[in-house]
Amino acid sequence: MTGIITALALRHLTGGNPTEASGLLVIISMTMGILAAMGAGLLSGFLTGYLRVPDMLATLGTMTLLNGVNIVLTKGYTLTGFPKSLITIGNGLFLGIPIPFYIFVIFTFILYIILDKTTFGYSLYMLGSNYTAAKFSNIDTKSIILKGFLLSSLFSAITAFIMIGQLNSVKANYVESYLLVSILACFLGGVDPSGGVGKVSGMVVSVVILQVISSGVNLLRMDPFFIRAMWGFIIIAVLAINYFNEKSKSRKKAISSH
């Protein structure tokens with residue numbers, strides 16, 4: 001959604017010649033893309049936080065809505081042609097190091113500060129651990145949920161600009177292949193699906209591991225359909241291991257207490 005809105009804004013502002021867009025027009029177009037992403041986060045956050053729609057249903061509904069809107073806006077076509085300044089974000093180098101790596105490090109540090117050093121981060125963990133307890137602890141649960149979705153949307157927008165730079169194009173279904181991998185990264189990084197548990201450091205390690213695996217299967221020229229099956233198998237395996245670990249811990253705790 002972010003990439004498509006940015007591309008359409010560039011085309012409109014430049015009269016159909018986006019590759020010649022000035023820096024100001026690029027910033028305006030990117031801002032419009034970010035606002036579109038934040039709007040999607042606002043919708044999911046409102047449904048989840050204020051209407052108490054289950055988060056899985058709210059985000060699934062929002063995703064389906066946005067996929068439909070994206071196809072309508074692009075008529076199913078791929079939008080290409082972006083100015084060099086925008087492509088540099090995802091495909092440029094600084095001191096011989098890819099710019100996306102700098103972005104990754106900067107936003108990893110920012111997220112660490114937010115989650116571990118701020119009241120909002122602490123409230124987010126509390127909310128994930130026990131919604132009812134957080135509510136009775138004088139935490140504004142609605143506001144925390146909404147802010148969480150807005151933060152997620154901001155990261156999605158940044159990701160969109162990196163993908164634009166790497167692909168020099170946008171399409172309605174470009175990110176579908178990343179959905180399963182992003183969920184896998186969470187589980188592999190120690191994030192509890194029930195909420196309340198998870199660290200940025202664990203996510204960084206899981207991303208590195210998945211990148212190594214991805215590079216390996218590409219070098220082996222494995223069937224892409226088999227790769228998707230492998231991601232699914234890893235998710236099931238990680239969930240099963242976590243389940244048995246928790247059962248083992250509970251059993252040991254019960255024996256110790258006895």
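Let me begin with Tyr77, which is located in the loop between α3 and β1; helices (H or I, at least four residues) and strands (E, at least two) are DSSP runs, numbered from the N terminus. The model is predicted, with pLDDT of at least 70 needed for local features and 80 or more for side-chain atom pairs, while totals for chains, interfaces and linings use all residues. Residues are numbered from 1 along each chain as its sequence is written, and side-chain values use heavy atoms, with hydrogens and water left out.

Is Tyr77 buried or exposed? Its relative accessibility is 58%, so Tyr77 counts as exposed; here buried means under 20% relative accessible area, exposed over 50%, and partly exposed in between, with a 1.4 Å probe and protein chains only. Leaving aside residues up to four places away in sequence, Tyr77 touches Val170 and Lys171, where contact means heavy atoms within 4.5 Å. Tyr77 and Val170 are 93 residues apart along the chain, and their C-alpha atoms are separated by 8.9 Å.

I turn to helix α1. Its 12 residues, 2-13, should span 16 Å at 1.5 Å a residue, and the end C-alpha atoms are 16 Å apart, which agrees; the expected span is 1.5 Å times one less than the number of residues. Among the buried residues of α1 are Ile4, Ile5 and Leu10. The partners against which the buried residues of α1 pack include α2 (23-50), α8 (141-167) and β4 (169-170). After α1 comes Gly15, with a positive phi near 70 degrees.

Next, the aromatic rings. The whole structure contains 3 aromatic pairs, a pair being rings of Phe, Tyr and Trp (its six-membered ring) with centres within 6.5 Å; planes under 30 degrees apart are stacked, over 60 edge-to-face, and the rest tilted. Phe46 and Tyr50 are stacked, at 5.7 Å centre to centre and 20 degrees between the planes. Because these two residues are 4 residues apart in helix α2, about one helical turn separates Phe46 and Tyr50. Phe46, at 39% relative accessibility, is partly exposed, and Tyr50, at 37%, is partly exposed. Phe94 and Tyr102 form an edge-to-face pair, with 5.7 Å between centres and 70 degrees between planes.

Finally, the second largest pocket has a volume of about 250 Å³. Its lining includes Asp192, Leu239, Tyr243 and Lys249.

Note on methods:
On a 1 Å grid over the protein atoms alone, a cavity is a set of points where a 1.4 Å probe fits but cannot get out, and a pocket is an open set with protein on both sides within 12 Å along at least five of seven lines; lining residues have an atom within 4 Å of a point. Grid points are joined across faces, edges and corners, and a volume is the space filled by probe spheres set on the points.
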